[in-house]
Structures are given as structure tokens and as C-alpha cells.
Amino acid sequence: MSRASVPAFKLYTHTLCPYAHRASLCALEKMTMADAPLSPSSFEVHVDLSDKPREFLKKCPRGLVPALELGDGRIVTESVRIMHALDAMDFGVDAPSLGGAREDVEAFTSSCDAYGEFVSAGLEFVGGGWGLVRRMPRPATVAKLERAVRNLDAMISRANGAYLFGAELTVAD
């Protein structure tokens, strides 16, 4: 496979943002598939969320990360939308799509995000929700996480492949 050219884009991110990590990993995966340079520093722009630069706020008035700036200046926000935008970019080779069945992938990622079953149950188990507490989780909290893990495990088992939705890598992975 020949080395591809990376399309022009910037990903505004923050070290502690898991959604920015998700988008960055998607960009890196697409670059790997295209045999393109793999340095996050080639596309990531770190944003100090406690002192957001004016330039960033002009582009992204809500001031949230991740935010993807496309080569034409358009801004895409929300990690799942960013991953679909990255997947649609032309990396100059026949890199496989990360899309999968879009409705299934979006339903899965939504169920795992902050207010979805899996992450919500995990956060409640680890730290009493969004705050951290120093006590053992209640039995109901343990049962909720166990149920979420069983549901995820069942979904993976039904996939008949190495990835969440089968034999091909998708945005959900």
C-alpha cells in the first residue's frame, strides 16, 4: 500500500476528555489503514479548558471538545459525528470504512456514553456517579454494572467476529 496524504483537518482536544480520545483514536486508525503518518501532533490542538483561546471560541462558540475543523473551515462537534466525518475523508487510498451499520453503531455508542447504560453504571460503581466516594458500592449498583457488562458481552458474542459489529472494525470499536 502506498503512503497516503492526510487530508487537512485539526482536532481540538483536551488530555482528560474521553470523547476527544475517541475521536483521536478514530483519526489514528484511519491513518494506520491508509499507511499515513501516525503522529497525533500532526492534527491535534490541545485546548486549555480553564482558559479557552479566543481563536478557538470564534470557531467553536460552545467551547467544547472535541471539535473537528475540516480543511474548508467547517467545524464538526460531538465525538460520534466527528468519527463519521473522519471516516468520510479521502485519505488517498482504499482504506476501509469504519462506519458499519450506522444506526447500530450510533445506538451502541449512545448506550455507552455518559448517560447510557454502560458508562453510567460504571461511573456509579467506581465513584458513586460523577463524584468519587470512599465506600463499597451498594448491591443494586453492583447488579446494575453486572447487567450492563452482561448486555455488552452478549452483543459481542452475537457479532460473530473480532469486533463489536462482526469481522470489520467500526466507529464503535
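Predicted model: local features only at pLDDT ≥ 70, side-chain atom pairs only at ≥ 80, totals over all residues.
Which residues on the other side of α6 are exposed? Select P139, A140, R150, S157 and R158 and you have them.

**Stop 1: helix α6**

Now show all of α6, residues 139-158. Its 20 residues reach 28 Å from the first C-alpha to the last, close to the 28 Å expected at 1.5 Å a residue. Colour T141, L145, A148 and M155, which are buried. Look down the axis of α6: the buried residues fall within an arc of 85°, so they line one face of the helix. Residues three or four places apart in an α-helix point the same way, because there are 3.6 residues a turn. Following α6, click on N160, where phi is positive, near 55°.

**Stop 2: the aromatic pairs**

The whole structure holds two aromatic pairs. Begin with F9 and F43, a tilted pair with 5.3 Å centre to centre and 35° between the planes. F9 sits in strand β1 and F43 in the loop between α1 and β2, 34 residues apart. F9 is buried at 8% relative accessible area, and F43 is buried at 3%.

Next, select Y12 and F56. Their ring centres are 5.2 Å apart with planes at 45°, so this pair is tilted. Y12 belongs to strand β1 and F56 to helix α2, 44 residues apart.

**Stop 3: the cores**

F9 and F43 are also among the residues with the most contacts inside the largest nonpolar core, which has 27 residues. Elements giving two or more residues to this core include β1, α1 and β3. Apart from it lies another core, of eight residues, including Y12 and F56.

Finish on I82: beyond its sequence neighbours within four places, its contacts include L11, A23, P66 and V76.

Note on methods. Residues numbered from 1 in each chain as written. Heavy atoms only, no water. Core = buried A, V, L, I, M, F, W, Y, C linked by side-chain atoms within 4.5 Å. Buried < 20%, exposed > 50% of the residue type's maximum accessible area, 1.4 Å probe, protein only. Helix = DSSP H or I, 4+ residues; strand = E, 2+ residues; numbered from the N terminus. Contact = heavy atoms within 4.5 Å. Expected span 1.5 Å × (residues − 1). Arc of directions from axis to C-beta. Phe/Tyr/Trp six-rings, centres within 6.5 Å; stacked < 30°, edge-to-face > 60°.
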